[in-house]
Amino acid sequence: MALRFYNTLSQQVETFSPARDNIVRMYTCGPTVYDYAHIGNFRTFTFVDLLRRWLRTNGFGLDHVMNITDVDDKIIRNAVAQRKSLAEYTAVYTEAFRKDCATLRLEEPERLVPATGHIDDMVEAIERLSASHHTYSSEGSVYYRISSFPGYGKLSHNDFSGNLAGARVDVDEYEKADARDFALWKAPKEGEPFWETALGPGRPGWHIECSVMAIKYLGETLDIHAGGIDLIFPHHENEIAQSEALTGQPFARFWLHAEFLMVEGQKMSKSLGNYFTLRDILERGHSPEAIRYLLASVPYRKSLNFTFDGLKSAKTAIDRLRNFKLRLETDRYPEGQSEELAARTAQACKGFTESLNDDLNTAEALGAVFEYVRDANSAMDAGTFRAGNAAAALELLALFDSVFAVLQPAASQGTSDAGVDALVAERTAAKKAKNFARADEIRDQLLAQGIILEDTKSGVRWKRKSP
Ligand code: AMP
Ligand code: ZN
């Protein structure tokens with residue numbers, strides 16, 4: 001069966017293929033770099049990674065753009081409070097995000113683009129929207145007039161008629177925004193950093209960055225636009241309003257949205273305080289592979305409840321597969337091939353592929369692999385597994401790992417970058433608390449792995465000794 005995705009726009013499962021050249025033009029909304037991302041954020045980014053990998057397995061090329069939101073209310077508030085420039089403040093969290101992605105084996109998109117690198121493009125787009133009467137200005141800010149775009153609501157399937165008159169919202173913190181006009185350009189408040197532009201001094205709103213960068217790099221109509229489910233409204237609805245007003249073309253053919261990572265029935269989020277960063281979890285001794293596996297194991301359209309027991313089960317599942325692989329690679333089997341087992345392997349491969357083709361049903365895909373491993377292990381115990389069956393079994397594991405990417409242990413690389421960061425932070429805290437024994441212990445532990453710490457005026461830097 002062909003590859004199918006549930007499209008939020010049509011509310012249907014549709015067969016997918018890219019519109020042109022066998023290349024998938026994909027845009028996914030990236031992080032707001034005001035702090036470390038939490039594993040709820042990484043559930044969505046892990047879904048995007050699985051999507052990338054599975055599209056490639058289907059034979060498609062990728063042109064994937066992800067934005068880094070490096071200007072917004074929270075960033076400005078925190079940077080001003082810490083007397084840092086925006087660039088100085090966001091560099092730390094952009095780098096942390098990239099390191100965390102690498103730790104979780106999330107592939108870097110073809111283009112990872114910062115909003116602040118595209119201010120001129122955004123100003124030009126806002127001018128064009130103004131020229132076509134989609135905006136109005138008020139007190140130095142520019143707003144999008146939703147009543148000028150009749151299609152508003154088509155993604156979230158909300159009927160906004162009668163609900164739109166003239167009101168506006170001056171925040172881009174998305175949990176606070178609502179069904180009303182939104183800011184494209186924001187005049188600076190006292191003491192806030194700003195760009196001096198043809199629109200006057202100010203900074204872009206959040207929504208315009210995605211429209212502008214998506215169209216700039218990928219063209220007027222994307223094959224796929226994806227993000228977390230909380231972005232459907234208003235963010236993606238606003239992106240459609242802006243983009244389609246600019247181009248007159250449908251903005252994206254497929255809209256894919258990942259459900260939340262939950263904690264005890266509530267969305268994991270910064271504002272509720274019920275979150276863990278990747279670093280928090282690594283510090284507790286869990287492996288990046290177990291976290292990746294857990295985040296990947298529930299199909300993206302189902303919410304996933306985070307528990308530490310779930311992480312333990314993820315580890316057990318990975319161990320089972322690693323042990324099976326080791327057994328395949330090291331045990332000796334009688335010559336020849338069992339036709340029955342060959343058919344069983346082919347069936348597992350088909351089950352895995354069809355499950356992922358079915359809107360990335362990862363739970364069923366894993367089911368196909370584990371049922372096979374159970375049967376193959378039994379055949380090995382019974383002496384019916386033959387040497388000639390090993391190659392296909394290893395191929396199945398390779399197919400599995402080209403998407404799930406958990407078989408290679410991270411331990412062979414020593415402590416991950418995020419793990420080192422976490423230990424360095426713990427050492428700094430220990431020193432502050434005058435617990436010098438613990439601080440020295442951490443320094444020695446890292447040194448034993450060839451990681452050198454350097455205390456500088458601006459904090460601790462670290463590097464790996466070249467081998
Ligand atoms: P932000 O950095 O807040 O802009 O969020 C980055 C991404 O994480 C967005 O695509 C959000 O939809 C997604 N996200 C935020 N919280 C969660 C959660 N608890 N579970 C899954 N995705 C989330
Ligand atoms: Zn976006």
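Residues are numbered from 1 along each chain as its sequence is written, while chains are lettered from A and ligands numbered from 1 in the order in which they are written. In this predicted model local features need pLDDT of at least 70 and side-chain atom pairs pLDDT 80 or more, whereas totals for chains, interfaces and linings use all residues, and side-chain values use heavy atoms, with hydrogens and water left out.

Next, show the polar contacts, which are pairs of N or O atoms within 3.5 Å. A polar backbone atom of Gly40 is 3.0 Å from a nitrogen atom of ligand 1, and a backbone N or O atom of Met268 lies 2.8 Å from a nitrogen atom of the ligand.

Now move to the zinc ion (ligand 2), where donors are N, O and S atoms within 2.8 Å of the metal (3.2 Å for Na, K and Ca): Cys29 (SG), Cys210 (SG), His235 (NE2) and Glu239 (OE) coordinate the ion at 2.0 to 2.6 Å. Finally, select helix α6 (residues 232-247), in which His235 and Glu239 are four residues apart and therefore separated by about one helical turn; both residues are buried, that is, under 20% relative accessible area with a 1.4 Å probe and protein chains only.

Conventions. A polar contact is a pair of N or O atoms within 3.5 Å; within protein, one must be able to donate a hydrogen and the other to accept it, and residues adjacent in sequence count only if both atoms are side-chain atoms. Helices (H or I, at least four residues) and strands (E, at least two) are DSSP runs, numbered from the N terminus. Buried means under 20% relative accessible area, exposed over 50%, partly exposed in between (1.4 Å probe, protein chains only).
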